Each structure stands twice: as C-alpha cells, then as structure tokens.
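Dear colleague,

I am passing this structure on to you, and I would be glad if you could look through it alongside the notes below.

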Amino acid sequence: MDKLWKGKKDELLQEFNTSMRGLSVEEAEKGLEKYGENKLKEGKRKGVVQVFIEQFADLLVVILIVAAIISAITGGIEGTIVIIAVLIINAILGTVQHFKAEKSLASLKAMSAPNARVIRGGEKMEVPAVKLVPGDILLLEAGDVAAADGRILENHSLQVNESALTGESENVNKSADIIEKEDLPLGDRLNMVFSGSLVSYGRAVVLVTGTGMDTEIGKIANLMESAQEKSTPLQRTLDDFSKKLSILILAICVIVFALGVWRGQPITEALMFAVALAVAAIPEALSSIVTIGLAIGTQKMAKENAIIKNLHAVESLGCVSVICSDKTGTLTQNKMTVQKVFTLDGTTDADDVECDRAPYKELITTGVLCNDGAISAEAMIGDPTETALLSFCRKAGGHEEDIRMTYPRMSELPFDSDRKLMSTLHQINGKYLMMTKGAPDVLLARCKRVMEKGGIREITKEDFNSILAKNQGFSSEGLRVLAFAKKEMEVQQQLALDDENDLIFIGLIAMMDPPRLESAPAVKDCLRAGIRPVMITGDHKVTASAIAKEIGILQEGDRALEGTELERISDDALRKMVKEISVYARVSPEHKIRIVRAWQDNGYIAAMTGDGVNDAPALKQADIGIAMGITGTEVSKDAASMILTDDNFATIIKAVGNGRNVYANIKNSIQFLLSGNLAGILTVLFTSLLGLPLPFTAVQLLFINLLTDSLPALAVNMEKPTGHLLDEKPRNPKESILTRDFMWRLVIQGGMIAIVTIVAFYIGVGVNNKMASTMAFATLCLARLFHGFNCRGTRSVFRLHNNPYSYGAFAIGGVLLMAVLFIPGLHGIFDINHALTSIHVLQIVGLAFVPTLIIQLERLARGK
C-alpha cells in the first residue's frame, strides 16, 4: 500500500500481517530477516593510503617526479630532495583536507532512538530500536523520539515536532483520521509519524510501516549518497589550466632536449636543460598559495558569522548566481509575533494595543489564561503561538504571571487536534468564566453572542460574515489566526466538551513569523549583485508568498509553487520554467534537490540554505551548501560547506562579497606566479636555442618558486576589497583564469622580467659561466620580488589600500636572497659565484627594478 494515509485501520493491519496485539516474537524475528535491522546503511569510504596516493594523480606532479628522478641520475641530489619533499607535503595537506569530509550519515544515525516500546504478542515491552520491523505496534508518548515511520491507529492529542524533516519549527497536531487525498506533502500527512521526530505532547498507538532505509530519513540518506558534491569553478579552472600547462611543458621540454642533442650536447646536459625548464615552468607554490588564500578568506568570513568548512567554497561564493533560501529563521525571525488584533470595534496593529484599554483587555487576558506557554529568562517555553500571545501581553504593558496569579486555573480542556479548541476555567470578578481559543471557523460556529463596545449582544449573520471575512483577509496576508471567546459558568465545575457551546465571541489575534529587519535590504543587495534569491519552505504557499513579497523575493510576474504541483512537473519542464518561480512551498527533500539541479542545469552556481535533516541532500547537491549554526541539525551542518553562526540571510550576501574579493586576490596571486615563471621559461629557452650555458640550476629555481615567490603571493592574498564588489555581476564559472587580458598581461610582464634577466646573464658571461648563472638567478629573484607590488591589483600602488604584508614580504625575500648571495656556506648548495662585487649588486638591483618602474609609470599615465 503506497498511500498509507488513505488506508483504513483493518486494511492496514491486514496489509502488514499484524493485529492490535502486535507481532509475535517469531513473526518479529522473521520480519528482521526479511527487512533487515532498523538502521541506516553507509557506503564504503576510501582509506588513508588510497587518498594519499590519489594526491599524486596529477600530470604536473608526475612531471615533477620525473624531473626529480632525472636530477638524481645526473648528480643534482639536492634538487631531487627538495622536489620530493614539496610533493609529499602537498600530498599530506590534500589527505588531511579529504578526511575533514562529511560525516552526514553518522549524524543521521545519531538521531535514531536507542530503544522503543512496542506491543508484541499482546504484551507491552521495550526492545532495541534496531529490532523494530514493519508490522510492529509502536507506543509513543511525550518525550519519545519516533524510532520508525508509522501510521497512527489511536491518537490521544499527539503533537510531534517534525522540524528536522520539514523545516517548520511548530509542533504538528496529529490525527488518526483517514485522509482522502491522492497527493500529500510530508508536512500534511497528519496521521503519520516519521523516524527521528520528537513527540512533544500526548500519546499514540502507531503501526510501524517503514524501518531503516525505507523511512523518510532513510530516503534522505539515499539522496545524500546520490547527491554529488560539485567541484568549485576555481577547481575546474585550475584543473583545466594544469592539463594545458602540463602538455605545453612536456612539448617544450622535448623540443629543448631534442635541440640540445641535435647540437651535440651530452645527453646528461640536455636532460639538465629539460629539467631546469620543467622546474622553471611549473608553479610549485601555486597549490599552497591558492589554499592559503582561501584559508585567509575563511578567517575573514568567520569574523562576520560565516564559518567555511570546505576551503574551496570561499571562492565559489564569488560566482554564486542563485541563492535558494529557507524561510523560517533565515529570512524570518523564527519567532511567532502578534501583528494584528480584530474585535467588532475594529482592526488594530499590535503595536497600538494597550493592555488596560477596552476592548483589548479581555482579549489579552483570555490569550494569557487559555495558554500553556511560559517565558523564562527571555526563553520561550511551549508552543510558538502560545508564547507569541504572552510576548504580546508584555508588549502591551501587561505581565502574564500577574494575570495568572490573579485568576488561577480551576479546570481545563486541553487542546485537541480533532476539535481544534482549548478551554480553561477561572474566577474573574466573582464570576466563573470559561476562556476558549481555537480555529476561527470552529470557534465561531459555537458562538451565540458577541462582545462590542464593552457590551454583549446576540450574534447576527452580518457579524458572522464580517468575522469570517476578516479571518480570510488575515490568512491571505500569510497570517496565522486564532479566535477567542468566553462563557459564564453557573458554578465551579470540571469542564466537559459540551461546555464549549453558546460562547461569547471576543476577537481574533493574527500572528506570523515576521521577516528579519535586515532581510529586505539583503535581498536588495542580492539583486544588485546579479544574484537571484529563491524561497524554498515547508510552510504554506499563502504565508510564504506574503513574506516573499514583503522582502522583495516574489516580484511582479514571478510564480509561487507548491510541492504537489511540483510533483506533476517533469525534470525537463522544471528546467525550462525554473527561472519563473521564486517561491516553493510545502516541499519535500526530493523537491529541493530537483530545484537545485534545475538551476545548475541552466548554468547557474547555486547556493542552498537549510537547517533540517530534510535539507541535507540539497545542501550537498548545491555548489554551496549553507547550514544554520543556531537552529541547524548536526546532519545539515555536516552536509554543508558553510555554516552561518547567526542564521542570517544578510550574512550570506556579505560572504558573497568576501568570496569575490578572495577570487580577485587569488587571480592576482596566480598572475604573479605565472608571470615570474614565464620569465624563467623564456630565459632558459633563449639560452638553450643560442647554445649558451644553463642560466639556472634546479635548486635556484626551486628557491625562487617556493620561497621568494611565495611571500609576495601571500601578501597579495591579504589585499582588502576595492570598489563596489556587489555592483558587479557574478563571474561566469566557465570563464578560464587565462582570459585574453590575463594572458596579455602575463606575456608583457613576464617578457620584461625575462629581458632584464637575460641582460644580467650576458653581463655575467663576461666573467664566467658561474657568474652568469649567479647574475641571472639574483636578477630574476629580485625582479619577481619587485613584481609583487604590481600584482596587488590593476591600479597604481599609490592608489591602493595600504598593505603592510607586501612590504614585509619584499623585506623577507630580500634578506633570503642576500643570505644566498653573501653567506659562503650556502654558495655550494645554490651554485653561487664567490666573486660577486658591489658593481654586480648595483647592476642586479637596477635591472630588477626596471620592469616594475615601467608598469607603474604606464598605470599612472593611464590615470589608474
């Protein structure tokens, strides 16, 4: 039976071969063999060794390994040791990063109840939750966590918190009644309970219908296994860049080697040229610089309430083009608040109500007395609608404890989901009054009189229609409405259900979970930044649409869709119409994944927010999964790549701005590294083609690439944002880092550094080959240190924010270079000429500064 909410009690018991006496012990054991244990399965995970080895599966890494082997064969053991050490450190970092991965299924398992109370063979007993099988009769009461999915057979005012599954924080009033509907969203299956849900009130007898992976949580676990984590745009760009660079390096190395052999060079010498070229071309520090740049971004974001779990998510934020956001708690305050009050004297905003003024005094008193909520040290205890009434009392100038002490409760009829009413008895001004609240349509049908202008009169048809119209008006604005009434009792007595008739209507109170104050400005910033905001919620369409309109998400021409409507739309159709839909209501986990995929299939980079278990698969599927730090479940936090510590939509927009700045800094760092490497390549190629001696040793090039180059690149990552980042449109995720403008700057800047390096080499050749190598090495190294200032941005250094890290990087790099040039003990390792004079040093400094001088003068001339 698929649609269990439609089944009759006898049919359901027959379907699962059970009875109200439960399964026998033997039947339960057979069921366990058939269905398996009531637990979630977890896929096979990679081991540490496998992950470590996978870090070497990159063509650039393979080229470096080959270069290290050739270097060892030809006697350059120092270069071999350095290269291998660098590769191992990078592999360790990659392995550690991998094992910070998701533990989502472990968190889902932790939600399972350890034990469950069942009826087996006519006897009540407690069994381990993993031993539950379909057909068991499960007993639930307040405080229990449902250990399996099931259909309610007997209901005694059961209220369940399903926020982890549906995303809505209010308790759900359950029922044992049959629901005659074909399609029913998860949140509307009122005669069903789901594994992992918390019973907050009442009790029930439940037929277990699904266990383990066949529960709603099990379906989510399956979705999480199928949801593919997306590689970030920067990862894809760098992967593409690495492949192209690898092929180019291999081609040039082969050509250089062949030219050397053809000219009669010894094979070992030709190989050393090829190794030098490979080491010069490969930006060994690139991976580390990108990682550190992302890490710097995470620190900045953490200070602004956004904790990044996956480093690469920082950069992805910069090109997010759609944000699918949950409503409750993210866009709204997650706190029910009274908005409007209606009596037959008129409608009033909640802010204008005073507790002691008629006709509100009676309405507020009823709301406080007919109420099981409490406020303790500003903490709300109980049902959100009830605590909203207490907060309303305080805001109007009253205090709930004073009212309750003055008029203590004598009797009560607790709220019941079938009759949709609650009543309490109190002695007020010498009279015994029953105070009643409930659903407006139900309560109004029981009213015979109304309060108006302090007096009481018979209710008329006009009154009836007026009250219903007002209720409908409030509901259409997305407000939740409660009606209040009273009845004078002749004597003190225990209340009975029959007493809830012949009531006197007092008024209506309309409430909602209001938008955060910062939500509307954040949505405005979102649209300004070229990002499409979309609301996805488990709430009703009317409520969701009202909030979405108020904060600017639902605009003219946009559509709102319910989960049942989404069920009838194919993936292809959704892909075509997804841009028209701004609000999705009453959605399931499967719907959320479909929505995210539809945006991704249209080429958008999708961010998804969520706090419940139901959100986890979509958080994992999204390019950026954003979990809530305050209200979020551990499952959602594990599945996400970013956690908001303030659960605030506005924080996401700040994070997007930071993400764009991080990408700009990383791109500038890459430009710095590659332009310097290009200078090294051109110098080696030039000397090789002209049959000149080798200008650099492998160790010299590794010194430049790993030490003196890394520091300025790190400093570039510390640059503060310039301009208005949110005024720009999201960058195209398919756009390569190597754009035409980027490549042009690379060639011009790298070419200038290569020219001054070659000039220095020729000056040194006049002395000897070792001096030539020393002069070329020192000039290239210092020119790249100066070049760090050029790569801070595209404007003149005189028009950029002050960045002390740039000066520090230049100073440290300069000290390291001087140490290599002037400490005799290092000359052997780096193959430095001892006879370097002060004239040579001045020539090195002068030549090294020329490219930076030209670049800065050109920028000033263009007014940059």
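In which loop is the place of D502? D502 sits in the loop between β19 (480-489) and β20 (503-512), where helices (H or I, at least four residues) and strands (E, at least two) are DSSP runs, numbered from the N terminus.

Please keep in mind that this is a predicted model, in which local features need pLDDT of at least 70 and side-chain atom pairs count only at pLDDT 80 or more, while totals for chains, interfaces and linings use all residues. Residues are numbered from 1 along each chain as its sequence is written, and side-chain values use heavy atoms, with hydrogens and water left out.

To stay with D502 for a moment, its phi is positive, about 55°, although D502 is not a glycine, and at 42% relative accessibility it counts as partly exposed; here buried means under 20% relative accessible area, exposed over 50%, and partly exposed in between (1.4 Å probe, protein chains only). N17, also a residue other than glycine, has a positive phi near 50°; N17 lies in the loop between α1 (9-15) and α2 (25-35) and counts as exposed, at 60% relative accessibility.

As for the whole protein, its secondary structure comes to 32 helices and 26 strands, and its C-alpha atoms fill a box of roughly 120 × 70 × 50 Å, taken along the principal axes. Of its 864 residues, 55% count as buried. Among contacts (heavy atoms within 4.5 Å) between residues at least 6 apart in sequence, 72% join residues at least 24 apart.

Not counting residues up to four places away in sequence, L317 touches M301, I308, I624, M642, A655, V656 and G659.

Helix α25 also packs against another helix. The axes of α25 and helix α28 (residues 740-765) come within 7 Å and cross at roughly 45°, where axes are lines fitted to C-alpha atoms, for helices over the stretch in contact, and angles run from 0 to 180 degrees between N-to-C directions. That makes α25 oblique to α28, since angles under 35 degrees count as roughly parallel, over 145 as roughly antiparallel, 65 to 115 as roughly perpendicular and the rest as oblique.

Turning to the strands, T343 lies in β10 (residues 337-343) and counts as buried, at 3% relative accessibility. Leaving aside neighbours within four places in sequence, T343 is in contact with P359, L363, I506 and G507.

Finally, a search of the whole structure finds zero disulfides, a disulfide being a pair of cysteine sulfur atoms within 2.5 Å. For C447, the nearest cysteine sulfur, that of C370, is 13 Å away, and C447 is buried, with a relative accessible area of 6%. The sulfur of C526 is 10 Å from the closest cysteine sulfur, in C324, which is too far for a bond, and C526 is buried as well, at 0%.
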